[in-house]
Amino acid sequence: SAAGPLKNTTNRWVGSAVAAGPLADEADYRAVLTREFDSVTPENEMKWGVVEATRGQYDWSGADAIVSYAKRTGKSVRGHTLVWHSQLPDWVDDLEAGELRSTVKKHIKTTVSRFKGKIRAWDVVIEAFNEDGTRRETVFQQKLGDGYIAEAFRLAHAADPRAKLYINDYNIEGINPKSDAVYELVRSLKKKGVPIEGVGIQTHLALQYGFPTTMRENIERFARLGVDVAITEADVRIPQPTDAAKLEAQADFYEQAWDACHAVRRCVEFTTWGFTDRHSWVPGVFPGEDDACLFDEDLRPKPAYHRINP
Ligand code: G3I
């Protein structure tokens, strides 16, 4: 693009999720990532189920590869994620409450300490709410109770006091019962002095559901609580087949999300969940939908890219 790389267009962090496999194996993938973005989020490599699939046996190979790539190329790293009900090791399911608590504590301490000083921001707890704003009945909620969230933030802060700590969820782009619940939680955590510094809005959008038009207003209300906001997993899936009109509609969605973040000073990051349609989580989870990224399978920028980087 004549305007130069995406990362130079704004004073926000501009990031992408990255997968260690293609980062190692595909020179063209690496080149576009290095050129266009100034922050990276490991897509899976720091998740509990990956780093400690077998109890007590750690595998940091993917996480280390991404963190060392970031250091080499001068990129910031968003850590993802410490407490999540999905992609958990199987052995965690069977622990009784007391042991679960000490094991979560150990997991947070071990993971955050290992990358101390190398992670700008951590997604500490993600996806803790249902769509109606009630707490999701995860293993943590069921066995540890409401307080597990505050505890996770305190433990992460103790392990790396300079990392910015975020709560994070999907379907909280606009104002709705779920984002109301996150809002109330952040307010009460701040009041109690819990070290929470940000709200991550995933922003997994789909053309057929329309754009969440209250996104800017929602970001503004979070900012008024005194926390940063980050767009952490933006993508816009397209019901197949993709055509030119749908690519334009996708560009509209990306532009509106980008503008909503840029309208609020405390929205400090715009990260997409992958950057190329060559590698995407979407078709595996939503059969019949695809092509959610800014670059196509051949790493050519799509209309959405040109829209946010004209
Ligand atoms: O690495 C193994 C491979 O060894 C094995 O052969 C293969 C067989 O299934 O699985 C591979 O692991 C897969 C992993 O992605 C790496 O490709 C897992 O099965 C698969 O479940 C996993 O999916 C990830 C998903 O989180 C897990 O729930 C997606 O890549 C990742 O994009 C997605 O990301 C989440 C965020 O963390 C949180 N927000 C929602 C977002 C999208 O679901």
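Trainee: Starting with α9, which elements do its buried residues pack against?
Mentor: The buried residues of α9 pack against α8, β6 (198-201), β8, α10 and β9 (267-272). Keep in mind that this is a predicted model.

Trainee: And which residues of α9 are buried?
Mentor: α9 runs over residues 215-224, and M215, N218, I219 and F222 are buried in it. They cover an arc of only 100° around the axis, so they sit on the same side of α9.

Trainee: Why would residues with that kind of spacing point the same way?
Mentor: An α-helix has 3.6 residues a turn, so residues three or four places apart point the same way.

Trainee: OK, what follows α9?
Mentor: G226 does, and its phi is positive, near 90°.

Trainee: Which residues other than glycine have a positive phi?
Mentor: N171 is one of them, with phi of about 55°, and D291 is another, with phi near 55°.

Trainee: Where are N171 and D291?
Mentor: In loops. N171 is in the loop between β5 (164-169) and α8 (177-191), while D291 is in the loop between β10 (289-290) and α12 (303-308).

Trainee: Buried or exposed, those two?
Mentor: N171 is buried, because 20 other C-beta atoms lie within 10 Å, and 20 or more counts as buried. D291 is buried too, with 22 other C-beta atoms within 10 Å.

Trainee: Switching to α5: how many residues does it have, and how far does it reach?
Mentor: α5 covers residues 97-114, which makes 18 residues. From its first C-alpha to its last it reaches 26 Å, close to the 26 Å expected at 1.5 Å a residue.

Trainee: Which of its residues are buried?
Mentor: V104, H107, I108, T111 and V112 are the buried ones in α5. Their arc around the axis is only 105°, which puts them on the same side of α5.

Trainee: What covers them, and what's on the face turned away?
Mentor: The cover includes α3 (48-51), β3 (76-83), β4 (121-126), α6 (139-144) and α7 (148-159). The face turned away from the buried side carries the exposed residues G98, E99, S102 and S113.

Trainee: Going to the largest nonpolar core, which members touch the most others?
Mentor: W122, V124, A152 and A156 do, in a core of 79 residues. If you set aside neighbours within four places in sequence, W122 contacts G79, L82, V112, A156, A163, L165 and Y166. Among those contacts of W122 is V112, one of the buried residues of α5.

Trainee: Where are the cis peptide bonds you'd point me to?
Mentor: One runs from H80 to T81, with omega near -5°, and T81 is in strand β3. Another joins Q240 and P241, with omega about 0°. P241 is in the loop between β8 (228-239) and α10 (244-262).

Trainee: Last topic: which residues are around the ligand?
Mentor: Around the ligand you'll find E43, N44, S86, Q87, Y170, Q202, E233, W281 and V285.

Trainee: How many of that shell are nonpolar, polar or charged?
Mentor: Three are nonpolar, four polar and two charged.

Notes: Residues numbered from 1 in each chain as written. Predicted model: local features only at pLDDT ≥ 70, side-chain atom pairs only at ≥ 80, totals over all residues. Core = buried A, V, L, I, M, F, W, Y, C linked by C-beta atoms within 7 Å. Buried ≥ 20, exposed ≤ 12 C-beta atoms within 10 Å, placed from the backbone. Contact = placed C-beta atoms within 7 Å. Helix = DSSP H or I, 4+ residues; strand = E, 2+ residues; numbered from the N terminus. Expected span 1.5 Å × (residues − 1). Arc of directions from axis to C-beta. Near = placed C-beta within 6 Å. Nonpolar A, V, L, I, M, F, W, Y, C, P; charged D, E, K, R; others polar.
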